[in-house]
Amino acid sequence: MAESLLIDHSATKEEKYQAILPQIEALVFGEEDAYANLSNIAAALKEAFGFFWVGFYLVKGGQLVLGPFQGPIACTRINYGKGVCGTAWEKKKTLVVPNVDEFPGHIACSSGSKSEIVVPCIKENEVKLVLDIDSDNFASFDEVDARYLEELMPVIAKFL
Ligand code: SME
């Protein structure tokens, strides 16, 4: 396993995703523990992009339960269909929210969060977890983030 990530901080967002995704694949290769891998993925995304909050909520006992993350403390449980995370779980699709105040039912874990993207990881037709990323700026996420973060989901599904 590599000991550090190679990140060109002057690169575009798309170039960073193209550089970081193979490094994440290498990071989790040969390790089957989901929490260890999710912890490193959260850390890698935080280091590459400097997101305000990045982490995982795992489906457990009919709720989303907080998993490995980087950033300020967060809500521990989210119900099906609630907030951005619970809605992405219900709809089984990526949600990009340019302004969290305009999303009905948004769950504000931190007042610092202004925009958000949530990407579900689906295995055997069921959502197993969601990746949640928050920014402290409005409109930080777009289809580029959605496309590359969705590419990460099969990598995660393999070790779940
Ligand atoms: N804002 C999320 C809750 C999780 S925190 O942002 C970490 C939501 O509405 O589901």
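Modeller: Let us start with one pair. The side chains of Lys 128 and Glu 126 form a salt bridge, with an N to O distance of 3.7 Å. Please keep in mind that this is a predicted model.

Biologist: What is the general idea behind such a pair?

Modeller: Side chains of opposite charge can pair when their charged atoms come close. In the present case, Lys 128 is partly exposed, at 27% relative accessibility, and Glu 126 is likewise partly exposed, with a relative accessible area of 48%.

Biologist: How many salt bridges does the structure hold?

Modeller: There are four. One of them joins Lys 13 to Asp 145, whose closest N and O atoms are 2.5 Å apart. Lys 13 belongs to helix H1 and Asp 145 to helix H4 (residues 143–159), so this pair ties together parts that are 132 residues apart in sequence.

Biologist: Are Lys 13 and Asp 145 buried or exposed?

Modeller: Lys 13 counts as partly exposed, because its relative accessibility is 27%. Asp 145, by contrast, is buried, with a relative accessible area of 1%. There is also a network of salt bridges here, linking Lys 13, Asp 142 and Asp 145.

Biologist: Which residue forms a salt bridge with Glu 14?

Modeller: The partner is Arg 147, and the closest N and O atoms are 3.5 Å apart. Glu 14 lies in helix H1 and Arg 147 in helix H4, so parts that are 133 residues apart in sequence are tied together by the pair. Glu 14 is partly exposed at 30% relative accessibility, and Arg 147 is partly exposed at 40%.

Biologist: Let us turn to the aromatic rings. How does one read a pair of rings?

Modeller: One looks at the distance between the ring centres and at the angle between the ring planes; planes under 30 degrees apart count as stacked, and those over 60 as edge-to-face, with the rest as tilted. A search of the whole structure finds seven aromatic pairs. In one of them, Tyr 17 and Phe 49 have ring centres 4.4 Å apart and planes at 35°, so the pair is tilted.

Biologist: How should I read a residue that lies in a loop?

Modeller: Asn 99 is placed in the loop between strand E4 (95–97) and strand E5 (115–123). A polar atom of the Asn 99 side chain lies 2.9 Å from the backbone nitrogen of Asp 101. Neighbours within four places in sequence aside, Asn 99 is in contact with Lys 114 and Phe 138.

The loop between E4 and E5 also holds Ser 113, which is buried, with a relative accessible area of 6%. The side chains of Ser 113 and Asp 134 are joined by a polar contact of 2.7 Å. Not counting residues up to four places away in sequence, Ser 113 touches Phe 52, Val 100, Asp 134 and Ser 135.

Biologist: Which residues come nearest to the ligand?

Modeller: Of the 13 residues around the ligand, these are Val 84, Cys 85, Ile 107, Glu 116 and Asp 134. A polar backbone atom of Cys 85 is 2.8 Å from an oxygen atom of the ligand. A backbone N or O atom of Ile 107 lies 2.7 Å from a ligand nitrogen atom, and an N or O atom in the Glu 116 side chain is 3.1 Å from a nitrogen atom of the ligand.

Biologist: How much of the ligand's accessible area does the protein cover?

Modeller: The ligand on its own has 310 Å² of accessible area, and the protein covers 99% of it.

Note on methods:
Residues are numbered from 1 along each chain as its sequence is written. This is a predicted model: local features need pLDDT of at least 70, side-chain atom pairs count only at pLDDT 80 or more; totals for chains, interfaces and linings use all residues. Side-chain values use heavy atoms; hydrogens and water are left out. Rings of Phe, Tyr and Trp (its six-membered ring) pair if their centres lie within 6.5 Å; planes under 30 degrees apart count as stacked, over 60 as edge-to-face and the rest as tilted. Helices (H or I, at least four residues) and strands (E, at least two) are DSSP runs, numbered from the N terminus. Contact means heavy atoms within 4.5 Å. A polar contact is a pair of N or O atoms within 3.5 Å; within protein, one must be able to donate a hydrogen and the other to accept it, and residues adjacent in sequence count only if both atoms are side-chain atoms. Buried means under 20% relative accessible area, exposed over 50%, partly exposed in between (1.4 Å probe, protein chains only). A residue is near a molecule or strand if one of its heavy atoms lies within 4 Å of it. Accessible areas come from the Shrake-Rupley method with a 1.4 Å probe; for residues, only the protein chains shown count as cover.
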